[in-house]
Amino acid sequence: MKKIAVTLLSAGFLSSIAGINFAYGQVIDSPAKTQAAKVANKRTAKKVPAMRNRVYSQLARAQKLADEGVKIAGFEVLDEVKERIDSLNSYERAMLWNFYAFMYYGNDDISSAIEHFELVIKEQAIPDSLYLSTLYSLAQLSMQQQDYPQALTYLQQWQANNSKALTASQHIMFAQIYYQDKQFEKVIKAVKQAISLAEQSNATVKENWLILQRASYYELKQPLQVVKVIEQLVRLYDKPEYWLQLAGMYGELGQEDKQLAVMEAAWQAGHISKESDVMTLAQLYRFHQVPYKAAVLLEQAIANGTVVASEKSLAALAQAYVAAKEDEKALPILTQAAEIADTGKFDMQLAQAYLNLERWQEAITSANKALLRGGISREGDMYLVIGMAKFNLQAFDDALIAFTQAQKIPQSAKTAKQWFHYVEREQGQHERLAMLN
């Protein structure tokens, strides 16, 4: 909470000094509840005695010393007045406590400031303006001390004794206290009132109001309302975190199309700077069957340093190109990944990409390398790749050997058996044609 701006003494109008100068008003609640609160906390008006010149001059002297930075001397003057406390009337005592409170506040002694402001409101014959503004100061200081129940008590007491409409900032003060007290429905109501006042006067809705509203809807597990608030934050404040939060909420609601649209817009606007967010967007592209966009995104992000060229990111990039049937573009990525990998998993993908591109010898080399380095999930597939490549090179015996190896592995046995019989037939046909020639 920001430190409260205070003035000790107005040279022209001493009786108006009471703490912080705010507009006063009522919080709209149910009629019965509001009336009950007012009856319980309503202050009975009393005739206010005048402040005598000798007291005024001493308080004015204390303020002058405080303004000049001579705080100790200022306290000494107040102590002199306090020594004659029995001779002071109610208003003079209240103003003495008021000055003590401000002096303590100026010294960052919040507890002592609260103690002396409480002495102010215990005096009966004081102006309503002093009583009200002191209550409001007490509410603010209690918030600063994170004593939210006490802050709410003071604020409700203040509310019961004034008749002016609340300003937007005062609605928000109630909202902040209600939030700390986990009264989230009341938070939302108070923020809505503040927003309504701002809109009526064509003022900008403040960012922290919307953040408070969003948090309350989230606590109440109302994701649709959370989305509406974040959409407003995006429109009014256009910060990267709001774009990403909005995308995340769309994802939670299962609205993946909107999630993708928002993430894509955030990337284009330069709002995405974290590797995890780039990877999320790439995954969304893959989910929506646009792998080429995922590949372009990842390649750009790796190039500009947003994403580190790690095994994980390079694998995602290569897989995106392969899914987009861009095997040629996947080759240098897979080669780079294979150089830094501890296993043959990228060599395995290279073997498949070379096979797709009908680069038979390179497919065989990569498949053998994958088998040699190990750590691959489908060893049988590499024997299949070797067998297919050997077959296309018309090395039938080598192909049959490879398919025989593949048949020993359950995952690839069925496919290997079919290829084995096919190659046997083709080899026989090839040999018969050779004999005819």
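Phe391, Phe396, Phe403, Trp419 and Tyr422 come together as one aromatic cluster. For rings of Phe, Tyr and Trp (its six-membered ring), a pair means centres within 6.5 Å; planes under 30 degrees apart are called stacked, over 60 edge-to-face, and the rest tilted. Bear in mind that this is a predicted model, where local features need pLDDT of at least 70, side-chain atom pairs count only at pLDDT 80 or more, and totals for chains, interfaces and linings use all residues. Residues are numbered from 1 along each chain as its sequence is written, and side-chain values use heavy atoms, with hydrogens and water left out.

How many aromatic pairs does the structure hold? There are 15 aromatic pairs. One of them joins Phe75 and Tyr104, tilted, with 5.0 Å from centre to centre and 50 degrees between the planes. Phe75 sits in helix α3 (residues 71-82) and Tyr104 in helix α4 (residues 90-106), so this pair ties together parts that are 29 residues apart in sequence. Phe75 is buried, at 14% relative accessible area, while Tyr104 is partly exposed at 21%. Here buried means under 20% relative accessible area, exposed over 50%, and partly exposed in between (1.4 Å probe, protein chains only).

Now step back to the whole chain. The fold has 22 helices and 0 strands, taken as DSSP runs numbered from the N terminus (helices H or I, at least four residues; strands E, at least two). Its radius of gyration is 39 Å, well over the 22 Å that the globule rule gives for 437 residues, so the chain is more spread out than a compact globule. That radius is taken over C-alpha atoms, and the rule is 2.2 Å times the number of residues to the power 0.38. Along the principal axes, the C-alpha trace spans about 135 × 50 × 35 Å. Even so, buried residues make up 47% of the 437.

What does Arg43 touch, leaving aside its neighbours within four places in sequence? Arg43 is in contact (heavy atoms within 4.5 Å) with Gln124, Ile126, Pro127, Asp128, Tyr131 and Asn161. Arg43 belongs to the loop between α1 (31-41) and α2 (53-67), and this arginine is buried, with a relative accessible area of 14%. Arg43 and Gln124 are 81 residues apart along the chain, yet their C-alpha atoms are separated by 8.9 Å. Across the chain, of the contacts between residues at least 6 apart in sequence, 57% join residues at least 24 apart.
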